[in-house]
Amino acid sequence: MKPSTCRRFVLALIALLALAALSACQREPQPEWRLTDVSGHLPDLDFKLTDDNGKSVTGADYKGKVVLMYFGYTHCPDVCPLTLTQLHVVLDRLGAPADKVRILFVSVDPKRDTPAIMHDYVNAFDKRAVGLVGSDGDVEALAKRYRSAFTREPDRADGNYEVSHSSAIYLFDAEGKARLLATPSASQDDIVHDLHLLTSMETRP
Amino acid sequence: MRYRSLAVALFLLAGTAGTSHAADTAGVQVTGGWLRVLPGSLPAGGYVTFDNTTDRALTIVGAESPDYAEAMIHRSSTEGGMGRMEMVDTVALPPKAKLTFAPGGYHVMLMQAKHPVKPGEKVTITFKLSDGGTIPATLIARPANASGPTD
């Protein structure tokens with residue numbers, strides 16, 4: 001081989017190696033999410049609360065399930081039922097993989113929402129929904145962890161009150177990693193699409 | 001001449017009454033009424049579409065129902081990622097236009113049912129207008145996870 005041929009050969013080899021390295025990177029393609037990808041930007045699913053059967057639960061209890069987490073309260077007659085109904089329709093459309101999904105409805109109204117009230121409420125929407133309650137401090141800590149906010153509005157004349165709250169839906173994979181964020185106005189098609197991807201991802205043993 | 005215009009007016013009046021199945025003194029047709037029944041004594045959201053067939057601007061100033069102790073008009077919003085609800089004093093029904101109360105927007109909040117309301121039952125709501133008129137509406141009770149008057 002002439003020195004110039006040799007040099008050309010080496011260059012070609014380097015180019016080939018670089019290409020191989022590139023394609024290796026692309027071998028693990030990122031899923032084509034339709035919702036907002038928040039991977040790496042929000043902490044893993046972690047909390048200590050009481051479920052709607054009165055049992056203490058932590059984030060680890062939902063390992064192996066894809067989680068849709070939503071903050072709300074039962075005296076909310078419009079937006080919360082609208083969102084929970086949407087999630088119910090989405091899970092029905094998802095079909096069999098919906099068995100691997102749980103809706104976690106976290107109450108931002110600990111004063112009025114007892115586990116029993118939450119139980120009737122969430123089950124009126126979907127059997128795969130779990131109602132979670134906790135002390136003011138525990139719920140605040142969880143909301144803060146996900147940069148969610150809620151405010152109790154002033155009491156009305158009849159003693160009732162509303163609670164304004166973040167309307168986002170947080171999606172966690174089966175390992176409890178925060179993956180996606182959906183707004184209540186997200187299309188059902190997009191949520192179904194991304195849940196198909198999330199439920200079909202391999203979970204590490 | 002005078003009698004003739006009176007007859008025409010009567011005829012027109014009868015025509016308006018005939019086209020609406022809800023007896024509307026105000027010339028507003030009401031369709032697609034439903035309410036979302038929640039468990040226990042939780043408040044229910046009611047939804048309806050108004051069609052103001054008159055050429056007058058009308059204003060809803062309140063609501064009442066024989067089936068609930070209280071009926072309040074609210075508007076939800078999720079602007080800026082915050083879900084909130086505000087009480088609404090008036091809702092404008094522009095002339096020759098439709099306005100829909102729907103989940104995520106205007107709704108009538110029904111509190112303290114006077115008797116258990118079950119899905120499939122009908123509830124009456126009377127919307128009050130600023131000019132003293134009323135718009136009676138019939139809403140069908142639907143389960144918590146319903147998306148509308150029919151699914």
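What is the relative accessible area of B:Lys128, and is this residue buried, exposed or partly exposed?

Modeller: This is a predicted model, in which local features need pLDDT of at least 70 and side-chain atom pairs count only at pLDDT 80 or more, while totals for chains, interfaces and linings use all residues. Residues are numbered from 1 along each chain as its sequence is written, chains are lettered from A and ligands numbered from 1 in the order in which they are written, and side-chain values use heavy atoms, with hydrogens and water left out.

B:Lys128 has a relative accessible area of 32%, and it is therefore partly exposed (buried is under 20%, exposed over 50% and partly exposed in between, with a 1.4 Å probe and protein chains only). B:Glu64 also falls in the partly exposed class, its value being 43%. These two residues form a salt bridge, with 3.6 Å between the closest N and O atoms (a side-chain nitrogen of Lys or Arg within 4 Å of a carboxyl oxygen of Asp or Glu). Because B:Lys128 lies in strand E9 (residues 122-129) of chain B and B:Glu64 in strand E3 (residues 58-64) of chain B, the pair ties together parts that are 64 residues apart in sequence (strands, E, of at least two residues and helices, H or I, of at least four are DSSP runs numbered from the N terminus). In chain A, salt bridges with shared partners join A:Asp92, A:Asp126 and A:Arg128 into one network.

Over all chains, the structure holds 11 salt bridges. One of them brings together the side chains of A:Lys177 and A:Asp44, at 3.1 Å from N to O. This pair links distant parts of the chain, 133 residues apart, with A:Lys177 in the loop between strands E9 (169-172) and E10 (178-182) of chain A and A:Asp44 in the loop between strands E1 (36-37) and E2 (48-51) of chain A. A:Lys177 is partly exposed at 35%, and A:Asp44 is partly exposed at 32%. Another salt bridge joins the side chains of A:Asp189 and A:Arg93, at 2.7 Å from N to O. Here A:Asp189 belongs to helix H5 (residues 188-200) of chain A and A:Arg93 to helix H2 of chain A, 96 residues apart. A:Asp189 is partly exposed at 43%, and A:Arg93 is partly exposed at 43%.

Helix H2 of chain A spans residues 79-94 and also holds A:Thr83. That residue is buried, with a relative accessible area of 0%, and, leaving aside residues up to four places away in sequence, A:Thr83 touches A:Tyr70, A:Ile169 and A:Pro184 (contact means heavy atoms within 4.5 Å).

The two chains also meet each other.

Within chain A, strand E6 (residues 129-133) has five of its five residues buried, so it is largely enclosed by the rest of the structure. From E6(A), A:Ala129, A:Gly131 and A:Val133 point one way and A:Val130 and A:Leu132 the other. E2(A) runs antiparallel to E6(A), joined by two bridges, and A:Thr50 has A:Val133 as its bridge partner in E6(A). Strand E5 (residues 101-107) of chain A runs parallel to E6(A), joined by four bridges, with A:Leu104 having A:Val130 as its bridge partner.

Key
Pairing = 2+ DSSP bridges.
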